[in-house]
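Here are my notes on the model, point by point. Please read them with the structure open.

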Amino acid sequence: LECVPATDSSVCFVEEVIQEIRRVIRVSSLRTSVCLFAVSFLALALARRGGAMQGSKGTFLLAATCACLVSFHVILFWFTHSSHNSKSSRKNWRVLNISRHKGTMNEVFFAATSLGFNVTNHLHPAYNEPDEENAREYWGEHKELFSQFDLVITSDTASLALIFVGQPEFRGKLLCLICNRFDYGQNDRRTAYHNYFLRMLTNHKDVIVRPNCDFELLYLREKLAPYRSFEPLFPAWLNLPPMPSLYPIGEATGVLNFEDPTPKSVQKNETLFVIPYFNEKKHNVSAVLDRLGVRYFFNPSGTQAYGGPSAIREFRALLHLPYSPCTIAMWENLRIGQVYFLPTPRFQDKLSRQAGWWFQFVNFAKYHLKTEWYRPENKDLFVYFDSWEDIPRLLEMTDFEAKRENVRKFMNRHKELMLRRWDEVLIQLTER
């Protein structure tokens with residue numbers, strides 16, 4: 001684990017290049033194969049006619065070469081189209097999408113249905129995090145339903161995988177999507193859970209694990225690294241396969257069915273929307289914006305419930321003080337082209353030293369460049385303010401139409417890449 005880079009950015013880049021090459025070959029492989037075969041056959045025929053190949057040996061060589069060319073192009077066509085052709089049978093796969101969070105459920109539902117799968121959603125009650133005992137109980141309560149599915153996708157949180165892994169009656173495949181730390185809620189049994197998760201990663205051929213952002217992979221590797229001393233000389237987990245992140249796409253489906261709580265009197269296009277989360281409340285952002293004379297809307301009673309992306313689409317911009325390395329809402333709001341105003345890393349670090357600040361389970365100063373808010377790859381998506389007094393100036397200076405257009409273009413490319421990644425991982429599972 002120590003030999004592997006902290007994030008999979010290089011792996012993801014190579015994977016993206018490979019997927020693009022495969023995509024191009026898929027589109028043109030039949031035409032290319034026919035053309036290459038025709039040119040090769042013509043060249044060999046001309047060589048034989050010109051005397052380069054004479055007699056029965058020449059005829060045999062020509063026939064053998066043609067046979068090799070035909071075989072090569074048939075294999076090429078099969079290889080590049082095998083995953084494409086497998087999509088025709090996907091509607092026969094019964095997929096269970098189980099989560100405790102409607103946002104992650106929406107993400108899985110959109111990706112899997114976009115790729116032709118028949119998906120059933122199941123919202124797990126959020127009363128506790130599964131351990132091995134209550135996971136068996138939950139399986140027992142629902143095994144008649146769960147046993148019907150060929151593929152199960154778990155998300156938020158990863159411990160939902162315990163419901164299925166190791167159950168003798170479960171014969172399907174499992175994709176465990178890590179959201180919100182893989183060991184979330186396992187405080188009193190973390191050592192046992194880490195060992196269990198490590199066994200699931202390495203010992204179950206019908207299970208694939210994927211993070212929903214690169215930070216989740218970094219966290220996974222750091223937490224599992226201490227277990228090295230309990231493994232053989234060459235532990236299997238030292239060779240963990242690449243795990244390209246399945247980032248949220250942000251495309252809303254019927255799973256997200258929220259009402260807009262914004263009063264009709266609010267003129268959204270002239271108003272800054274303050275995300276009603278933890279840090280915005282703790283730091284009394286309303287009082288700060290009142291002092292600065294900024295027109296804003298903040299609903300203090302609507303923590304994490306503001307109507308979703310459709311409710312904030314028309315606001316001038318969004319202001320947020322991040323509390324988590326990655327959120328589904330961030331991608332949903334970027335998907336509609338909204339513009340986020342965020343504190344710079346320096347200002348965020350200053351704010352984090354004040355009483356009441358919360359950044360989810362993570363040392364912000366150490367990891368901020370690994371979060372989605374501050375990764376260098378994402379910096380052009382946001383507007384950063386280095387003090388409260390920067391906000392009025394930036395509101396006047398920002399070309400919002402140009403910024404929104406850049407965000408939309410980025411998200412369109414992001415959507416294509418993520419659907420290709422989903423395609424590849426689901427192919428791996430369905431062809432095992």
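1. Surface first. The protein chain exposes about 21000 Å². Carbon and sulfur atoms supply 56% of that area. Keep in mind throughout that this is a predicted model.

2. Overall make-up. The protein chain holds 14 helices and 10 strands. It has 432 residues, and 52% of them are buried. Now take the contacts between residues at least 6 apart in sequence: 76% of these join residues at least 24 apart.

3. The nonpolar core. The largest one has 111 residues. Which members touch the most others? They are Phe164, Phe197 and Trp422. Among the elements, α14 gives the most to this core, with 11 residues.

4. Trp422 in detail. Leave aside residues up to four places away in sequence. Trp422 then touches Val108, Ala111, Leu115, Ile153, Leu175, Leu177 and Leu246.

5. Helix α13. This helix spans residues 390-397. Its buried residues are Asp390, Ile391, Leu394 and Leu395. They cover an arc of only 130° around the axis, so they lie on the same side of α13. What does the face turned away from the buried side carry? Glu396 and Met397 are there, and they are exposed.

6. Partners of α13. The buried residues of α13 pack against several elements. The strands are β6 (272-274), β8 (317-319), β9 (340-343) and β10 (382-385). The helices are α8 (285-292) and α14 (400-430).

7. Thr398 sits in the loop between α13 and α14. Is Thr398 buried or exposed? Thr398 counts as buried, because its relative accessibility is 16% and the cut-off for buried is under 20%. The side chain of Thr398 reaches back to the backbone oxygen of Leu394, at 2.6 Å. Leu394 is itself one of the buried residues of α13.

8. Thr398 and Val383 are 15 residues apart in sequence. Their C-alpha atoms are 8.3 Å apart in space.

9. Asp214. This residue belongs to helix α6 (residues 214-224). Asp214 counts as buried, because its relative accessibility is 2%. What does its side chain meet? A polar contact of 2.6 Å joins the side chains of Asp214 and Ser245.

10. Cysteines. How many disulfides does a search of the whole structure find? The count is zero. A disulfide is a covalent bond between the sulfur atoms of two cysteines. The cut-off used here is a sulfur pair within 2.5 Å. For Cys179, the closest cysteine sulfur is in Cys326, at 8.4 Å, so the pair is too far apart for a bond. For Cys326, the closest cysteine sulfur is in Cys213, at 4.3 Å, which is also too far for a bond.

11. Burial of those cysteines. Cys179 is buried, with a relative accessible area of 3%. Cys326 counts as buried too, at 12% relative accessibility.

Key:
Residues are numbered from 1 along each chain as its sequence is written. This is a predicted model: local features need pLDDT of at least 70, side-chain atom pairs count only at pLDDT 80 or more; totals for chains, interfaces and linings use all residues. Side-chain values use heavy atoms; hydrogens and water are left out. Buried means under 20% relative accessible area, exposed over 50%, partly exposed in between (1.4 Å probe, protein chains only). Helices (H or I, at least four residues) and strands (E, at least two) are DSSP runs, numbered from the N terminus. The arc is that of the directions from the helix axis to the C-beta atoms. Contact means heavy atoms within 4.5 Å. A nonpolar core is a set of buried Ala, Val, Leu, Ile, Met, Phe, Trp, Tyr and Cys residues joined through side-chain atoms within 4.5 Å. A polar contact is a pair of N or O atoms within 3.5 Å; within protein, one must be able to donate a hydrogen and the other to accept it, and residues adjacent in sequence count only if both atoms are side-chain atoms. Accessible areas come from the Shrake-Rupley method with a 1.4 Å probe; for residues, only the protein chains shown count as cover.
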